[in-house]
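User: Can you walk me through what sits around the ligands here? Keep it quick.
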Amino acid sequence: MVTGASSGFGLETARRFAGKGYKVIVAARRKERLDELKQSLEQEFGEGKIHVLELDVTSEEQVDRIFRELPEEFSQVDILVNNAGLALGLEPAQEANLEDWHRMVDTNIKGLYLMTRKILPGMVERKSGHIINIGSIAGNYAYPGGNAYGATKAFVKQFTRNLRADLLGTQIRVTNIEPGLAETEFSLVRFGGDQEKAENVYKGTNPLTAEDVAEAVVWAADQPQHVNINSIELMPTSQAWAALAVDKV
Ligand code: NDP
Ligand code: 8X3
C-alpha cells in the first residue's frame with residue numbers, strides 16, 4: 001500500500017512494486033489520477049494488480065474504514081509506504097500561516113501515525129510486514145523557512161525508531177527514507193501552485209528524481225528478512241551542507 005500515489009515518489013514507488021509483481025493499493029485524494037495510474041500499470045503489468053483507494057490520510061474516519069473498502073485479495077498489507085505528505089510555505093516562523101502549519105502536522109504526522117496504527121495489528125498478527133516512512137533531510141538539518149515542515153519530518157524520524165523499539169521480536173521491519181532535493185510536484189504544492197517559483201527551486205541543480213527515491217524504497221523492501229534498513233538519507237550530488245550562519249553586528 002502506497003499513500004500519496006497520485007504523484008511524485010508515491011507514483012513511482014507504486015510503479016516499481018507493480019513491476020516486481022506485487023499487488024499494489026494506490027491511495028491518495030485525487031481519484032482520477034489514481035484511476036489513470038491503475039489503467040497504465042495494468043496495461044503494462046497485467047489486470048487485477050492495482051486497487052485504487054481514494055483516501056485523505058488526515059481523516060481518522062476514512063483511515064478507520066480502509067479495510068471495509070478493500071477487496072479480500074488486497075486486505076493483507078505486506079508493505080505500507082507512508083509517503084503522503086507536503087510542505088506549505090517557506091516564510092520565517094513569525095510570518096508563517098498557521099493554517100499551513102496545521103495541515104502539515106495533520107498530513108505528515110497525524111496521517112502517518114493513523115495509517116501505521118491501522119495497518120500494524122494485522123502485520124503483527126501475521127508476524128510479517130514492513131513499514132517504510134518517507135521522512136526528509138529536513139528532519140535532520142535545519143534551514144530557513146523549514147520550521148514546521150522540518151519538525152514534522154523529525155517526528156517521522158523518531159517515530160520510525162520508536163516503532164523499531166516496540167516491534168522488536170515481531171519480525172516487522174521499519175525504515176525511514178530521507179531524501180534531499182527532488183523534483184516532483186512538492187514545490188508546486190509548497191508555493192501554492194506558482195509554477196515559476198517551483199521550477200526555480202530545481203533550475204540548474206540536477207535534482208533527485210522520483211525514480212531515484214522509489215529505487216531506495218524498493219531496495220529497502222527487497223533486503224532479506226533478517227536485514228532491517230533503519231534509514232537511507234539520499235541527496236543529489238549537487239546538494240551538500242553549508243556553513244552554520246552567524247549574525248555579525
Ligand atoms: P508530490 O506533491 O509530488 O506528492 C505528494 C503526494 O502526497 C500526492 O500524491 C498527494 O496526493 C499526496 N497527499 C498529500 N496530502 C494527502 C492527504 N491528506 N491524503 C492522502 N494523500 C495526500 O510530492 P513528493 O512526491 O515529493 O512527496 C512525497 C513525500 O516525500 C512527502 O512526504 C514529502 O514531504 C517527502 N519529501 C519530498 C522531497 C522533495 O524534495 N520532493 C524530499 C524529501 C521528502 P493527493 O493530492 O492526490 O492527495
Ligand atoms: C523536502 C526536502 O530540503 O526541500 O523534504 O525540505 S527540502
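Analyst: One term before we start. Helices are DSSP runs of at least four residues, numbered from the N terminus. Also, this is a predicted model.

User: Fine. Which helix gives the largest share of the shell around ligand 1?
Analyst: H1 does, with 3 residues.

User: Which helices supply at least two residues each to that shell?
Analyst: Helix H1 (8-19), helix H5 (98-126) and helix H7 (186-190).

User: How many residues surround ligand 1, and which are the closest?
Analyst: There are 31 around ligand 1. Gly4, Gly8, Arg29, Arg30 and Gly85 are the closest.

User: How does the shell around ligand 1 divide by class?
Analyst: It has 13 nonpolar, 13 polar and 5 charged residues.

User: Back to H1. Why is it largely enclosed by the rest of the structure?
Analyst: Because 11 of its 12 residues are buried. The buried set includes Phe9, Leu11 and Phe17. Glu12, Arg15 and Arg16 are buried in H1 too.

User: What does H1 span from its first C-alpha to its last?
Analyst: H1 reaches 17 Å. That is close to the 16 Å expected at 1.5 Å a residue.

User: And what follows H1?
Analyst: Glycine 21 follows H1, and its phi is positive, near 95 degrees.

User: Switching to ligand 2. Which residues surround it?
Analyst: Ser136, Ile137, Ala138, Gly146, Gly180 and Leu181 surround ligand 2.

Note on methods: Residues numbered from 1 in each chain as written. Chains lettered and ligands numbered in written order. Predicted model: local features only at pLDDT ≥ 70, side-chain atom pairs only at ≥ 80, totals over all residues. Near = placed C-beta within 6 Å. Nonpolar A, V, L, I, M, F, W, Y, C, P; charged D, E, K, R; others polar. Expected span 1.5 Å × (residues − 1). Buried ≥ 20, exposed ≤ 12 C-beta atoms within 10 Å, placed from the backbone.
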